[in-house]
Amino acid sequence: MRKIYNKITQISGNVIVLSATGIKYGELAVIKSERGDSFAEVIRIDGKLVYLQVFAGSGGISTGDEVRFLGKQMEVSFSDNLLGRVFDGTGRPRDGGPILTKNLIEIGGPTVNPAKRLIPSNMIHTGIPMIDLFNSLVESQKISIFTTSGEPYNELLARVALQAKVDIIILGGMGLRYDDYLFLKNTLESEGSLSRSILCIHTAADPVVECIMVPDISLTIAENFALHGKKVLVLLTDMKNFCDALKEIAITMEQVPSNRGYPGDLYSQLAARYEKAVDFEDAGSVTILSITTMPGNDVTHPVPDNTGYITEGQYYLNNGRIEPFGSLSRLKQFVNKKTRDDHRPLMDAMVQLYAYYQEVLEKKAMGFRMTRSDNRFLKYGILFERNLMDLSVEMSLEEALDTGWRILSECFVPEETGIRTELIKKFWPKEKPQVNA
Amino acid sequence: MKNTGKIVGINKNMITVEFEGNVKQNEVAYAVLDESRLKTEVIRIRGNRADLQVFEDTRGLKMDDVVEFTGELLSVELGPGLLGQLYDGLQNPLHKLAGELGFFLQRGKHINALPEDTKWEFTPCVKPGDKLQAADAVGTVKEGGFTHKIMVPFHLPDRYEVVEIAESGEYCVKDQVALIKDKRGSFIPLSMMFEWPIRKPVTSYRERLDPAEPLITRIRIIDTLFPVAKGGTYCIPGPFGAGKTVLQQITSRNAKVDIVIVAACGERAGEVVETIKEFPGIIDPFTGRPLMERTIIVCNTSSMPVAAREASVYTAITMAEYYRQMGLDVLILADSTSRWAQAMRERSSRLEEIPGEEAFPAYLESTIAGFYERSGLVRLRDGSTGAITIGGTVSPAGGNFEEPVTQATLKVVGAFHGLSRDRSDARHYPAIDPLDSWSKYTGIIDNRSRNHTVRLLSKAHEISQMMKVVGEEGITLDDYILYLKGEFFDNVYLQQNAFDPVDMATSEERQKKVFSIIKEIIDATLDLNNKDDARNFFNRSRQIFLDYNSSEWDTNDFLENERLIRELFHKYRKAGTEIETHIFRQALVESEMDSHFSRAKTAKTKKGEKLTMVKEENEEDIQ
C-alpha cells in the first residue's frame with residue numbers, strides 16, 4: 001500500500017511539510033517535480049504534519065507536486081557487483097553503469113555490542129614510513145588526517161588507497177571539487193586499483209543533503225563486506241564538509257546552535273559514523289581513515305576538536321609532510337611490539353632526536369653559535385626529512401627501519417642515540433652507510 | 001487496566017504522546033513497535049501530552065502507535081551478581097545480549113540485570129521477632145571476596161518485624177528469604193533483590209561525615225601533591241590525547257578501594273574493550289582475586305543511544321550507593337562527564353528549552369552538582385562507614401577549561417587534576433600539570449611540604465622559561481641548581497612509567513619514604529661548584545633513582561639503590577644548612593597574598609614580561 005499525496009503546505013530550506021497519516025519515522029518518499037524525481041526522508045512527525053528532508057534540495061518544488069511514500073527506509077544494494085563502481089550520496093550510479101537493485105540492505109544499522117569487539121592486533125601496511133614506522137595504522141582503527149586546505153591530502157589518500165594491504169577500499173567523498181573527484185578516480189583507475197574499490201562521491205555542486213548520506217552508505221557497505229570476511233579500508237574526505245552540511249541543515253531546521261553554528265549533537269553524529277570501525281571475530285574488519293581540514297590550522301575548531309575526542313589518534317599533515325609531533329596512533333602499541341624488535345626503540349629514539357633537532361634550529365634562528373654536536377643534529381634533521389618524511393617516499397616497514405638505522409649511523413655515534421646496547425649490536429650498520437644526502 | 005497513550009509527534013529520539021488518566025514525571029513507558037517494545041522515559045508533561053525520551057532508535061515508529069505507561073520510575077535492579085558485569089546504560093548485561101544476538105545490539109531487547117539462576121549461599125543474621133527498617137540486613141551471601149548484605153529494600157518507610165527468615169542454604173535472587181510485617185500487620189515478602197529509581201539518591205544512612213582519609217590511588221603525583229579523599233570528588237579535565245582515559249584505567253586497576261564502577265559514558269568503545277578483556281586476567285595484589293570481581297562496567301559508548309547515555313551515570317551511581325550501604329568503599333570513574341552533559345544538551349534542544357551558555361541547558365550546573373553530591377563518606381546505622389568517591393573526566397571543547405562543563409564541575413569537586421597537552425607531548429605521564437592542579441583534601445604528605453614542593457616546581461618552570469631565551473649561560477648557578485631540582489623531582493617522582501610492573505603503582509608506605517629522600521635532596525644546599533657539576537650530579541641521581549623506582553619494595557636491589565642515592569647525596573651535601581629558605585622567600589610571600597590558583601596565573605604573566613625583556617637585551621648583545 002503506497003500512499004500518494006499532492007498537497008505540500010510548507011517549503012523552507014531543504015525541508016517540506018505536508019499532512020499525511022500512517023507515516024513511519026525515517027521512512028523514504030519520492031517527490032516528482034519538474035526538476036525530476038528526488039528522494040526525501042521523514043525527519044519529524046508532529047500530529048498530522050510530516051516533515052521531509054529533500055535530498056536534492058527544495059528548489060523548483062511546487063506545492064502541488066506529487067509525494068509518494070515508499071514505506072521503507074533508505075537502502076542500498078549489496079553485492080560484489082559494487083566493486084569498481086562509482087555512486088552518489090543516495091546510491092545512484094555516477095559512472096553510467098546499471099542501477100543495482102538486488103539484495104537491498106538498510107543503511108545506518110545498529111551498533112556493535114562492545115562485548116563482541118576484539119582488541120586490535122593487526123597492522124595495515126601503507127608503504128608510507130611516517131605512518132608504518134612512527135604511527136602504525138591498525139586494523140579496525142578510526143583515525144583522521146588533520147590538515148588545511150591546500151595541503152596534498154587527496155594525493156596522500158590516493159596513495160594510501162593504492163598501497164594499503166587490504167581487500168577492499170571504499171572511498172567516500174564529501175563536497176569534493178569536481179577535479180579532485182576526477183583525480184581520485186583516475187588515479188585508482190590508472191593504477192588498476194579500481195577493481196577493488198567502491199566510490200561514493202558527493203561533489204561540491206551536488207545537493208547538500210546528499211553529503212550527509214555519504215558516510216552512512218560507505219560504512220554500511222563496508223560493514224557488510226566485513227561481515228563477509230573482507231578487510232575493508234574506508235577513506236572519507238573531507239569530514240569538515242560533512243559537518244558543514246550538518247550545520248546547514250540544523251540551522252535551516254531552526255535548531256539552537258552550540259558552538260560556531262554547529263549543532264549540539266555534532267559529537268554524537270560524528271561518533272555514530274566513526275564507531276562503525278570494528279574488527280569482527282572470525283570475519284573481516286572495517287578501518288576508517290578520514291580527512292579533516294582545519295580552518296586556519298586551528299585544532300580547537302569544533303570539527304577537529306570533536307573528531308579528536310572520537311578517533312583513535314590523528315596524523316597532522318602540514319607543509320606537505322606528516323608531522324612526527326602531535327601525530328599519534330593510539331593503537332600502535334598493540335602492533336609495533338611484534339613487527340621487529342627495533343621498531344619501538346628506533347621510533348622513540350628517532351623522534352626524540354628529531355625533537356632535539358628542532359631545538360637546535362630554534363637556537364640557530366636566535367643567533368647562537370652552532371657547536372659540533374649541533375651540526376650533527378642539523379644534518380640528521382635534513383636526512384630524516386628527506387629520506388623518511390617526504391611524502392613521495394615509498395618503502396616497506398623493513399626498508400624504513402633500515403633507512404632509519406643508516407641515517408642514525410651517518411650522523412651519530414651509537415651512544416648518542418640512547419638505544420639499548422643489544423639492539424645497537426644487532427642493527428647498527430657495519431660498513432660506511434650510503435644515504436642520499 | 002494498563003495506562004496507555006498514543007504517539008502524536010516524533011522528533012529524533014523524542015516522542016510526544018497523548019494520554020488519558022495520570023502520568024508521572026520520569027516514569028518509564030514502552031513504545032510498541034511491531035514485536036519489540038522501545039523503552040522511554042517521561043521528561044515533560046503539558047496538558048494531556050507528554051514528551052518522552054526514547055532510549056533507542058525511533059525509526060519506524062508512526063502516528064497513533066501505542067505507548068504503554070508502567071507507573072514505575074526508571075530503576076535498576078540491586079542484589080548479588082552485579083560485580084564483574086558489563087552493563088549498558090540501562091543495566092542490560094552486554095555479555096548476555098551478545099550471547100543471544102551476536103555482533104549487533106538490537107533495539108527493544110531487554111534482559112534482566114541479575115542472573116536469575118545463580119545460586120547464592122545465604123546466611124541469615126536476624127531471627128523472627130527482630131525489628132528492622134530499610135537498609136538493615138536480614139542476611140548475607142558471599143559475592144566474590146565480599147560479604148554481600150541482603151538488605152530490607154530502601155523504599156520501605158516504616159519499622160518492620162521479622163516473621164519468617166530462611167535457613168542457611170542456597171537461594172536464587174528471586175527466592176523469598178524473609179517475610180516481614182509492618183505495624184498494620186500486612187506481610188511483605190523479601191527476596192535477595194529489589195529495584196531502586198536511579199535519579200533518587202539513597203539516604204538510608206545515619207549521617208554524612210567529613211572525608212578526611214586519603215584514597216590511595218598509588219599514582220604518586222595524585223597521592224602526594226593532589227590527593228583525593230575517600231568519599232570525596234575530583235575531576236580530570238584535559239584536551240584529547242592528554243591521557244584522561246589511560247589515567248582512569250590505571251586508577252581503576254590500582255586504587256585501594258573495595259569496588260570500582262567504571263561508567264564509560266559516550267567515549268570510544270575500544271577503550272572499554274581493553275578493560276573487559278584484560279581485567280579478568282589481572283590479579284589484585286591486595287585480595288588475591290581477579291580485578292574483574294571488584295569491578296562493574298557501565299558502558300554506553302559514543303555510538304549507543306544518546307538518551308541512555310544520559311541515564312548511564314545515574315545507573316552507575318545507584319549501584320555504588322547500594323554497595324556503600326554494605327559499608328564498602330566504592331570508587332566511580334566517569335569517563336566522560338562532558339558527553340553526559342552533551343546528552344543533556346541534545347535533549348534540552350529537542351524540548352526547545354531556552355538555552356544557556358554554549359546551548360547547554362540552564363540546569364546544567366545544578367545537575368552536575370547533584371550528581372557529584374551523591375558521593376560521600378557516611379556512617380551507616382550499624383555504626384560502620386562506607387564511601388563513594390567520584391572521579392569524572394571532562395573533555396573541554398578545544399582543551400579550554402573556561403567552558404561551562406569544566407567550570408560547573410570545578411565548583412563542586414574537591415580536587416582538580418588538570419591535564420596539559422604540553423606535558424603529554426613531552427611524554428611526561430601522567431600528564432597532570434602540577435602548576436594548574438589543586439586539591440582541598442589532606443593526603444599522605446603534610447600540606448606544608450606539599451605547598452613547598454609545588455612552589456619549587458613553579459620556580460623551576462620560571463627558570464626553564466628564562467633559559468629558553470638566554471640559554472644556560474644567562475642564569476646564575478643557584479637558579480640553575482633550583483631548576484635542576486625541579487626537573488629532578490618531576491622526572492623521578494611525578495612521572496610514572498605505566499608499563500613498568502613496579503613503577504606503575506607505588507604504595508603509600510613507599511611514597512612516604514621516597515618523598516622524604518627527595519625532600520632532603522631538594523631542601524639541602526649542595527656543594528656544586530659549576531653547572532657541569534650540577535648537571536652531572538642530578539643526571540647520576542636521576543639514573544639511580546629510576547632504577548630505584550623500578551626495584552621492588554624491600555628487596556636487595558631496592559636497598560642497594562637507596563644506599564647509592566644516599567651515598568651520592570651525602571658527598572655533595574653542604575653540612576649545617578638544613579633548608580634553603582632564601583630561595584623560597586619571595587614565593588612564600590606571594591602565596592600568602594594570593595590563593596593557590598590565581599598565583600599560578602600571575603606567575604604566567606610575570607614570566608611573559610620577563611621573557612620579552614630579556615629577549616630584547618639578548619638581541620642587543622648579538623647585534
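Helices, as counted here, are DSSP runs of H or I with at least four residues, and strands are runs of E with at least two, each numbered from the N terminus. In this predicted model, chain A comes to 13 helices and 23 strands on that basis.

Along its principal axes, the C-alpha trace of chain A spans about 80 × 50 × 40 Å. The chain has 437 residues, and 59% of them are buried. Among contacts in chain A between residues at least 6 apart in sequence, 72% join residues at least 24 apart.

Attention now turns to the meeting of the two chains. The size of an interface is often given as the accessible area lost when the parts come together. For chain A and chain B, about 5,200 Å² is buried between them, with carbon and sulfur atoms giving 56% of it. Three residues, Tyr25(A), Pro114(A) and Tyr309(A), supply 15% of the area that chain A buries against chain B, more than any other three residues. In terms of contacts, 57 residues of chain A touch 64 residues of chain B.

Polar and charged groups also take part. Three salt bridges are counted between chain A and chain B, and the side chains of Asp265(A) and Arg350(B) meet in a salt bridge with an N to O distance of 3.7 Å. The interface of these chains also holds 26 residue pairs in polar contact. Several elements of chain A give two or more residues to the side that touches chain B, among them strand 5 (36–46), helix 4 (208–227) and helix 7 (302–310). Helix 7 of chain A provides the largest share of that side, six residues. The residues on this side of chain A divide into 26 nonpolar, 18 polar and 13 charged.

Eleven residues of domain 1 of chain B contact nine residues of domain 3 of chain B. Between these two domains of chain B, zero salt bridges are found, while two residue pairs are in polar contact.

Notes:
Residues are numbered from 1 along each chain as its sequence is written. Chains are lettered from A and ligands numbered from 1 in the order in which they are written. This is a predicted model: local features need pLDDT of at least 70, side-chain atom pairs count only at pLDDT 80 or more; totals for chains, interfaces and linings use all residues. Side-chain values use heavy atoms; hydrogens and water are left out. Contact means heavy atoms within 4.5 Å. A salt bridge is a side-chain nitrogen of Lys or Arg within 4 Å of a carboxyl oxygen of Asp or Glu. A polar contact is a pair of N or O atoms within 3.5 Å; within protein, one must be able to donate a hydrogen and the other to accept it, and residues adjacent in sequence count only if both atoms are side-chain atoms. Buried means under 20% relative accessible area, exposed over 50%, partly exposed in between (1.4 Å probe, protein chains only). Buried area is the accessible area (1.4 Å probe) that two parts lose on being put together, summed over both. Ala, Val, Leu, Ile, Met, Phe, Trp, Tyr, Cys and Pro count as nonpolar, Asp, Glu, Lys and Arg as charged, and the others, Gly among them, as polar.
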